[in-house]
Amino acid sequence: MALADTFLKGKQPQSTQFIVELHRTLLLVKLAHYETKSFAAHEALGKTYDTVNDLADDITEKLIGYTGEVPTVFEVGTIAVMPVASLATHIMGLGHKLAQFAAKEFYDDVENLAQELSGAGAKLKYLSRLS
């Protein structure tokens, strides 16, 4: 099921849905990091985790600042291992959707961070070819 099919259909504010999806994605990266049997993929996923963690924190704090909406529940559903290339595509898609949302709301710095998130997915996709 594509990100567009499962995302942004909840009752939470859109900014909160992005915050939850960022943290769900962080768990997906960590799970893939633990599961891989390739040292190169392990290293690439470790760096991706650090990047996504930092971006999730920055984006979350800024979205709370802009909207005043503080998430009180993170319902992330079941987290299952994804192939690294699929995970990379997921990260790029989330970054793209968040950048569109931020542009529409004039959250320029969040838009820039979302583009950086998409770039982290692209870098993971590139590095996954090397393992």
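Is arginine 24 buried, partly exposed or exposed? Arginine 24 comes out as partly exposed, with a relative accessible area of 22%; here buried means under 20% relative accessible area, exposed means over 50%, and partly exposed covers what lies in between (1.4 Å probe, protein chains only). The areas themselves come from the Shrake-Rupley method with a 1.4 Å probe, and for residues only the protein chains shown count as cover.

A quick word on the ground rules. The model is a predicted one, so local features need pLDDT of at least 70 and side-chain atom pairs count only at pLDDT 80 or more, while totals for chains, interfaces and linings use all residues. Residues are numbered from 1 along each chain as its sequence is written, and side-chain values use heavy atoms, with hydrogens and water left out.

Back to arginine 24, then. Its salt-bridge partner is glutamate 21, with the closest N and O atoms 3.1 Å apart; a salt bridge is taken as a side-chain nitrogen of Lys or Arg within 4 Å of a carboxyl oxygen of Asp or Glu. Because glutamate 21 and arginine 24 are three residues apart in helix H2, about one helical turn separates them. Helices here are DSSP runs (H or I, at least four residues), numbered from the N terminus. Glutamate 21 counts as buried, at 9% relative accessibility.

By this rule the count comes to three salt bridges. Another of them pairs aspartate 109 with lysine 62, the closest N and O atoms being 3.3 Å apart. This pair ties together distant parts of the chain, with aspartate 109 in helix H5 and lysine 62 in helix H3, 47 residues apart. Aspartate 109 is partly exposed at a relative accessible area of 25%, and lysine 62 also counts as partly exposed, at 34%. There is also a bridge between glutamate 105 and lysine 104, where the closest N and O atoms are 3.5 Å apart. Glutamate 105 is partly exposed at 32% relative accessibility, whereas lysine 104 is exposed, with a relative accessible area of 53%.

Next comes the packing. The largest nonpolar core has 30 residues, and those with the most contacts inside it are Ile59, Leu63, Leu87, Leu98 and Leu124. A core of this kind is a set of buried Ala, Val, Leu, Ile, Met, Phe, Trp, Tyr and Cys residues joined through side-chain atoms within 4.5 Å. Helices H2 (14–35), H3, H4 (84–105) and H5 (108–128) each supply at least two residues of this core, and H4 gives the most, with nine residues.

On the surface, Asp50, Asp54, Asp57, Asp58, Glu61 and Glu116 gather in a patch of negative charge. Patches are built from residues with over 30% relative accessible area and no salt bridge, with like charges joined within 9 Å. Asp and Glu count as negative, and the charge is placed at CG of Asp or CD of Glu. Helix H3 (residues 39–67) brings the largest share of the patch, five residues, and glutamate 61 is found in this helix.

Glutamine 17 lies in H2 and is buried, with a relative accessible area of 10%. From C-alpha to C-alpha, histidine 33 and threonine 48 are 9.2 Å apart in space and 15 residues apart in sequence.

Glutamine 12 lies in the loop between helix H1 (3–6) and H2, and is partly exposed with a relative accessible area of 33%. Glutamine 12 and leucine 55 are 21 Å apart in space, C-alpha to C-alpha, and 43 residues apart in sequence. Phenylalanine 106 sits in the loop between H4 and H5 and is exposed, with a relative accessible area of 66%. Phenylalanine 106 has a positive phi of about 65° although it is not a glycine. Most residues other than glycine have a negative phi.

Technical notes. Patches are made of residues with over 30% relative accessible area and no salt bridge: like charges are joined within 9 Å, nonpolar side chains (Val, Leu, Ile, Met, Phe, Trp, Tyr) within 5 Å.
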